[in-house]
Amino acid sequence: MTSSVQPANVAFSFGSFDYICSQVALPICPLVGTTLGGVEPTCYSRNIQVAGGMLIFEPGTLAIHIVALIMTAIMIYNIRSKYTAVGRKEIVSFFYMYAVTIILEFLLVSNIVPSASGAFQYITAAYVGMVVATLWCLFFNGFVVFQWIDDGTPKSLWTLRLSSLLVFAISFAVSILTFQNRSPFSSAAPTGLFIVYFIFSAAFIILYVVLQVVLVVNKLDDRWPLGDLFAGLVFFAIGIVFEFVLSARICSLANHYVDGIFFCAFCSLLAVMMVYKFWDSITKDDLEFSVGGRANVWEVKDPLLAEDDRLDDLPLPQEPRRM
């Protein structure tokens with residue numbers, strides 16, 4: 001059977017990836033659609049040939065992914081250094097999951113795992129599962145700061161781990177059953193996958209933002225963390241526009257060197273960095289119990305020095321006036 005590619009001139013339809021894949025080459029696109037081979041985008045980034053004749057797709061995006069992994073490692077280190085901060089262990093799980101998602105996307109987008117290989121659909125299903133589970137983990141962290149469960153306890157951590165595993169399993173199952181056309185799922189009409197990948201993911205992000213706004217407004221005196229929160233939301237929204245709306249235009253203007261995936265990856269990294277900055281701004285490390293991390297300015301508590309300071313503040317005795 002020979003593969004064919006659907007023309008890119010298609011309209012948006014809820015539950016269909018045809019329009020989205022006509023704008024940008026997502027890892028899912030070769031596995032869904034009404035024709036074998038999926039929908040080819042109008043314009044996509046050029047590839048490069050490496051040693052052995054292997055073609056590497058999206059080289060610019062891969063560079064962003066490498067930077068993202070480095071920045072994620074730095075953020076994880078800083079989070080782990082805040083030994084007594086609220087939700088430290090829970091939020092670091094989000095960054096670990098984000099790193100795994102980047103690695104999976106790196107393998108799929110780069111053609112290191114070719115779309116014709118048997119493992120491609122399973123790795124793509126794992127990628128979809130990690131995307132949704134990572135955003136669920138972010139949503140869960142929105143509850144942690146309210147202290148409905150003591151953070152860092154086995155109850156909190158295992159609730160997070162098991163719920164994230166469940167979300168991953170559901171997303172993976174929906175994806176692989178869709179790719180393999182197992183009833184009632186179909187790659188020609190992947191409505192279930194569309195809902196899991198887009199609707200659930202968007203819902204988790206929106207709910208997280210709402211929870212954090214409620215937290216800052218009702219629990220904190222400082223409103224500045226809202227700036228970090230909304231900056232992250234804006235970066236994420238801009239990345240979505242670049243990827244799904246402007247990708248073909250960017251690709252043409254850039255002469256196929258980059259496309260919307262490049263800018264979406266960059267904006268997503270900025271959004272994740274804002275999540276870290278927001279969390280860092282609403283949590284405080286207890287200096288009394290901290291044994292590492294940043295250098296701290298300590299106040300001198302010597303009682304003799306304190307007594308001298310009090311004596312210095314006393315008024316000097318005055319001579320009595322002579323009559």
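**Notes on the predicted model**

1. Helix α6 (residues 191–219) is the biggest contributor to the nonpolar patch, giving 3 residues. Helices here are DSSP runs of H or I with at least four residues, strands are E runs of at least two, and both are numbered from the N terminus. The patch is on the surface and consists of Phe143, Phe146, Trp148, Ile206, Val210 and Val214, which together have about 520 Å² of accessible area. For the patch rule: members have over 30% relative accessible area and no salt bridge, with nonpolar side chains (Val, Leu, Ile, Met, Phe, Trp, Tyr) joined within 5 Å and like charges within 9 Å.

2. Housekeeping. The model is predicted, with local features needing pLDDT of at least 70 and side-chain atom pairs pLDDT 80 or more, while totals for chains, interfaces and linings use all residues. Residues are numbered from 1 along each chain as its sequence is written, and side-chain values use heavy atoms, leaving out hydrogens and water.

3. Overall build. There are 10 helices and 2 strands, and from the N terminus the order is α-β-β-α-α-α-α-α-α-α-α-α. Of the 323 residues, 43% are buried; that means under 20% relative accessible area, with exposed being over 50% and partly exposed in between (1.4 Å probe, protein chains only). Among contacts (heavy atoms within 4.5 Å) with a separation of 6 or more, 70% are between residues 24 or more positions apart. The protein exposes about 17,900 Å², and carbon and sulfur atoms supply 66% of that. Areas are Shrake-Rupley values with a 1.4 Å probe; for residues, only the protein chains shown count as cover.

4. Phe146 sits in the loop between α4 (120–144) and α5 (154–179). Phe146 is partly exposed, at a relative accessible area of 30%.

5. How many of the 25 residues of α4 are buried? The count is 23, so α4 is largely enclosed by the rest of the structure. From its first C-alpha to its last, α4 reaches 36 Å, close to the 36 Å expected at 1.5 Å a residue. The expected span is 1.5 Å times one less than the number of residues in the helix.

6. With 23 residues, α2 reaches 34 Å between its first and last C-alpha, close to the expected 33 Å. Its buried residues are Gly60, Thr61, Leu62, Ile64, His65, Ala68, Thr72, Met75, Ile76, Ile79 and Ser81. When you read that list, keep in mind that residues three or four places apart point the same way, since an α-helix has 3.6 residues a turn. The cover over the buried residues of α2 includes β2 (55–56), α3 (88–109) and α9 (260–282).

7. Buried in α7 are Pro225, Leu226, Asp228, Leu229, Gly232, Gly239, Glu243 and Phe244, and what covers them includes α1, α6, α8 (247–253) and α9.

8. Salt bridges: the count comes to 2, taking a side-chain nitrogen of Lys or Arg within 4 Å of a carboxyl oxygen of Asp or Glu. One of them joins Lys277 and Asp228, with the closest N and O atoms 3.3 Å apart. Lys277 is in α9 and Asp228 in α7, so the pair ties together parts 49 residues apart in sequence.

9. Ser16 lies in the segment before α1 (18–23) and counts as buried at 18% relative accessibility. Its side chain reaches the backbone nitrogen of Asp18 at 3.2 Å. The rule for such a polar contact is a pair of N or O atoms within 3.5 Å; within protein, one must be able to donate a hydrogen and the other to accept it, and residues adjacent in sequence count only if both atoms are side-chain atoms.
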